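Please walk me through this model in the viewer. Tell me what to select at each stop and what is there.

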Amino acid sequence: MRVSARVPGAAAAAADAASPESFRRRVRAMYALTPDATIQGLCPLDVNARNIDSYEQGRWELVRRDVAAALGDAVARRACAFLDDVGAIQDAFGIRTNAVNFKKVLLRALYETEALELRLRRLLTYYRGDMHKDGGYRDAARFRETCAAHGRCRGAMKAICDARVFLKQICCVPRHPECYRPKRLATMPRTMITRGFVVRARAKTGRDADADRAARDEDDVVGYAFTPRDETQPSLTNDFDRLVTRAREELRVRTHEMDFIVASLVARGVAKALVVREELRAFSKTCGDVARDAEKLASRVRRDHDDPDIVMRERFTVVDEETGELHASSEALEAFRVAAEMDSVALALEGSAPALAETKRWIDEALANPRTRLFAAGDDAHTTSFVPDGFALVKMVSEYAETIERYEPGALAELARAGRVDGAAAARVTRAEGTKRCGRCDRSYSKLWIVGSTCVLCEQAARDAGRCPISPACPPGFFCPHARACLRCERAACDACGVSRGDAEDVAQLVETTNAFCVFLDFDRTICATKAGASPLPKNFRDLTPEALAAAARRRAVDKDFVSLLRSHGRAYVVTRNSNVDAIETYLRAHGVARPKVRRVMPGESKGPTIRRALDGEVDAAARRGEDARAPSVFVDDDVRELLRDDVREMRERVKCVLFSRAAS
Ligand SMILES: [Zn+2]
Ligand SMILES: [Zn+2]
Ligand SMILES: [Zn+2]
């Protein structure tokens, strides 16, 4: 949007000085939701905790625009230079972007780790008999290795989970500085799962200086639970408060002008960006503390307790040299049991400590390099290319995959031969069987071996055949051969298949970084929380007063990031199957989209031709004006079927597809 660089005239300035009231009246008059307003949107003077989400935010330019419009260019230049100098505001926005990207990388790492942990857990149950006296402990090494890999993998998984959960909370702190600090942040580190490992380990080892602390920690709530006393902690606004105080003291503007500047800082997300930075510092410190405690305790456990493998070697007696068969007295078994218990305590700590340290390292990196775009989700061919060099989290976790590769094929082959195996193998197969029936092969398994209604064997067969392992209804085209996963049913995304996955913030970032030529957004369940085909407004919306219409529009939740994209991008379209085109346009106007471009697609048709027509029209128009139209466009839909139709896929060079999913944030 273009803002005329209106400098308040001498008369206006004189009136302002005489009366703050007339200043506020003049400023309020510049803001409106209509396209002819000087600035589209609500006036920052009216921002409060309830309406703050309706303000366009997240960019420093927005403050400059507000201040220039109200106080003139000269004051805006001076004030904004001062504010950015004192508050490092642009840096804070850069840090926030890196935090958002890091959060996404952590989600991916979490998915990968969860998948590995599940496979290790299966092997653990499957080979449990290795540790039974009937087998003479002949295959104990296999079980012990699986145990160690699983224990550490689980520790790492919980650390990644902590990192992801807290990063998400930090990125979503309330925009308004008067809101309370989110409970989970207010209660860290008690609400970290990995901190629970530390507390438990202390309780089991506590003898010295830490014993007191361990006793106190017993009262700690472990896991994601809260106590009432935590609920009213204020947001971390030290940086913001300091900035405002200094500005009030040193920036030579009148009090009511300063009030306006502060309101703009709040409305445009500056206050939030500064809170995010403080929260990141606090979380980095906490991660470091917990990592250090975990490491210290792990080595103490290792020092003070026997290794289960050594107990076996030293206290079990050899029965048969040839087969390696062992015998254990009941004392030896008890010693082994204790050692194994302490071993599992140490494994959780050993798995989580490095993952927490790595999390801390990258938060610090983000804080120290606000101008460097870390973890920028690029559009390169490689799905992992957005991970910076030296990011060890993924590699750390993939080490556990070696154990899986060593033992899983044997287990699956045995399962497949069920009925034709005997002895120990038959006992193992029995351990995987249960009461849950596979929808594809009629065999029944225990819960661990069935995902959805597909057993582990059928899942593998489906993947090998290039078919969706979850839903038999998915056509082969939904299956991505690169990730070996169904793009509709699983949490897969693949650049080679032209489908990435993201929430509205991801889309906004993609549009920003690729300088997207056109944007095409689905409406139902994407921009607006309407059910498919429902009108976002009541039937009589044409007869409503502007106030009633605004109230009706507010009743339907809208995605803020998408709406600000529609407001700010000159070639943003809504492409929908919803027939209520009029209502959608009115609804979007009520949300500040000056000229909504809504295109309806008829039942049974693909969205492809509609997108192609709009795109070609925009390319022609750009050519007439001599503008560059080479940048790719972006198409967003929450239904992967819309993205995978042939006529959409054919445009892959010109149109990047994003599968909209809120969970992907
Ligand atoms: Zn099956
Ligand atoms: Zn693919
Ligand atoms: Zn599927």
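Residues are numbered from 1 along each chain as its sequence is written, chains are lettered from A and ligands numbered from 1 in the order in which they are written, and side-chain values use heavy atoms, with hydrogens and water left out.

**Colour by confidence.** pLDDT is the predictor's confidence in each residue, from 0 to 100. The chain averages 87, and 90% of the residues score at least 70. Select strand S12 (residues 519-521), where confidence is highest at 97, then helix H9 (residues 209-217), where it is lowest at a mean of 51. Helices (H or I, at least four residues) and strands (E, at least two) are DSSP runs, numbered from the N terminus. Over residues 217-226 the pLDDT is below 50, and this stretch has 27 contacts beyond near neighbours in sequence; a contact means heavy atoms within 4.5 Å. Select residues 378-385 too: pLDDT stays under 50 there, with 11 contacts beyond four places in sequence. Where pLDDT is low, the predicted coordinates should not be read in detail.

**Select residues 89-126.** This is helix H5, whose 38 residues reach 55 Å from the first C-alpha to the last, close to the 56 Å expected at 1.5 Å a residue. The expected span is 1.5 Å times one less than the number of residues. Of the 38 residues, 27 are buried, so H5 is largely enclosed by the rest of the structure. Buried means under 20% relative accessible area, exposed over 50%, and partly exposed in between (1.4 Å probe, protein chains only).

**Select ligand 1.** Four residues hold this zinc ion through SG atoms at 2.2 to 2.3 Å: Cys-438, Cys-441, Cys-455 and Cys-458. Donors are N, O and S atoms within 2.8 Å of the metal (3.2 Å for Na, K and Ca); water is not among the atoms, so sites may look incomplete. The donor spacing is C-x2-C-x13-C-x2-C. Cys-455 and Cys-458 are both buried.

**Select ligand 2.** Which residues coordinate this zinc ion? They are Cys-480 (SG), His-482 (ND1), Cys-494 (SG) and Cys-497 (SG), at 2.0 to 2.3 Å. His-482 lies in the loop between strands S9 (479-480) and S10 (485-486), and Cys-494 in the loop between S10 and strand S11 (499-502), so the pair ties together parts that are 12 residues apart in sequence. His-482 is exposed at 52% relative accessible area, whereas Cys-494 is buried at 4%.

Methods
This is a predicted model: local features need pLDDT of at least 70, side-chain atom pairs count only at pLDDT 80 or more; totals for chains, interfaces and linings use all residues.
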